[in-house]
Amino acid sequence: MQPSITDPERLNPRGLLEHFNRIMKGKTALNEVVLRRIISAIYLSLFNYWSLKNYHKGARGEGPLQDSFWYASFHEDLLKRGLDHAIYTIYLYRVAADHYVLNPTKVALTSKPWKGKEMDVEISEEALKRVLEAACDILNMLEQY
Amino acid sequence: MLSTNVPSYYESLNVGDMGFTNLEPFQLNYATAQVLRGVVAPQYMDAVSEPFSIRLEFRESSWHLQSLHQLYKSLKELEMREVISLLEAYVESKDVLEYIARTEFLDIRKLAMLVVWINSSLNVNVSSIGIVDDPEMGETQFIAVYLNECGWEEWKVLSKTIKSQLVSEGFSDVAGRVAIVCSQALQIQRG
C-alpha cells in the first residue's frame, strides 16, 4: 500500500459512500445504531479526505507531523465554494448522531450562554438519503480539489 | 399609518438602496428595501420597536441591484451601534452580535451587508442569524444566516449564487464564515 502522503486517493470515501448506498437500497431496515454510525462515518470520512488533500497541496495543521486539521477549516473551505447546503446538512446530522440520544430531537448548534436556534432532527433512513446526497456533492468537489 | 408620513424619497427607493437620512422627524433610524414578490418594501426601524414594513409599488424602470461593495461602503459610514441595531431584528439576543463584533470572527458590517443584500436582491428573506459551535470543542465554526421559505433544490442554487457573488467582489472571508441555511429544507418527512 502506498503511504497516504504520496497517495491522497487512499482516503477517497467514494467506495464507502457507494457501499452505504447499497445498504440503503437493501430490503433490510436499518436500526438506529447503524444509521447513527453511518452518518458519523460519512462526515469523518469526508473530513479525513479533505485533510489529506489539503496536506498534499501544502497546507499544514497541528500535531508532530502537522497532519491534524480543524473542523472549522474544513467548513470554511466548503462554504467558500458554495456547498452550504451540503456541509450544514452533514454537520447537523453528525452532531445529532454523535451527541444527542433522543430521536427525534432538537439540536442546538451553539454552546454560547445565549439561546441559539434549535433544529428539529430525526435520524431516519430518509434523513440518511439526504446526508448521502449532500456527501456526494462534497465528494464530487473534493475529487477535483 | 406610517405610509402617509414616509418621506417621498423613499417612495422611489430602488432595489438594494439603503436610506439613512431624513427619518428623524419620525423618530426612526433606518430604512432598507426588500423585494417581496415584485413589490419593493422598505423596512423602517427605530431603536425600540420591532421592524415593520410598508409596501410600495415596484417601479420596473428604476430596477437595479446594488453591489455588495456599494452596500459595504454605505455601512462603513455608520457607527458600530447603528450597525448592530440594524441586525438586531435577526437575533434572539444582542449578545450574538456583540460576540461577533468583539471576537472579530467576522466584520459585523460585512454581515449586515450580506443580510441587506440578500433581502434586497434575491426573492428570499433572512429570518434569523445564529452562531454555530462545535459541540466537542465549543469553538465557533461559522455564522448561520437562516432564510425563509426555501427548499432543498433552491438552497443549492442560493448557496452557489450568494457565495460566487461574495467571492467575485472580494468578500471571501464572508463566504467562508457564513453558512446560508434553508432550515425548511431540513424538515424531512418520513417516506
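The contact between the two chains draws 38 residues from chain B and 32 residues from chain A. Two residues count as in contact if their C-beta atoms, placed from the backbone, lie within 7 Å. This is a predicted model: local features need pLDDT of at least 70, side-chain atom pairs count only at pLDDT 80 or more, and totals for chains, interfaces and linings use all residues. Residues are numbered from 1 along each chain as its sequence is written, while chains are lettered from A and ligands numbered from 1 in the order in which they are written.

By type, the side of chain B that touches chain A holds 16 nonpolar, 12 polar and 10 charged residues. Here Ala, Val, Leu, Ile, Met, Phe, Trp, Tyr, Cys and Pro count as nonpolar, Asp, Glu, Lys and Arg as charged, and the others, Gly among them, as polar.

Now to chain A. It has 5 helices and 2 strands. Their order from the N terminus is α-α-α-α-β-β-α. The radius of gyration of chain A is 16 Å, close to the 15 Å that the globule rule gives for 145 residues, so chain A is as compact as a globular protein of that length. That radius is taken over C-alpha atoms, and the rule is 2.2 Å times the number of residues to the power 0.38. Along the principal axes, the C-alpha atoms of chain A fill a box of roughly 45 × 40 × 30 Å. Of the contacts in chain A with a separation of 6 or more, 67% join residues 24 or more positions apart.

How far can chain B be trusted? Its mean pLDDT (the predictor's confidence in each residue, from 0 to 100) is 76, and 64% of its residues reach 70 or more. Residues 35-40 of chain B stay under 50, with 16 contacts beyond four places in sequence. Residues 47-64 of chain B are also below 50, with 33 contacts beyond near neighbours in sequence. Where pLDDT is low, the predicted coordinates should not be read in detail. The model scores ipTM 0.93 and pTM 0.80.

Technical notes: Helix = DSSP H or I, 4+ residues; strand = E, 2+ residues; numbered from the N terminus.
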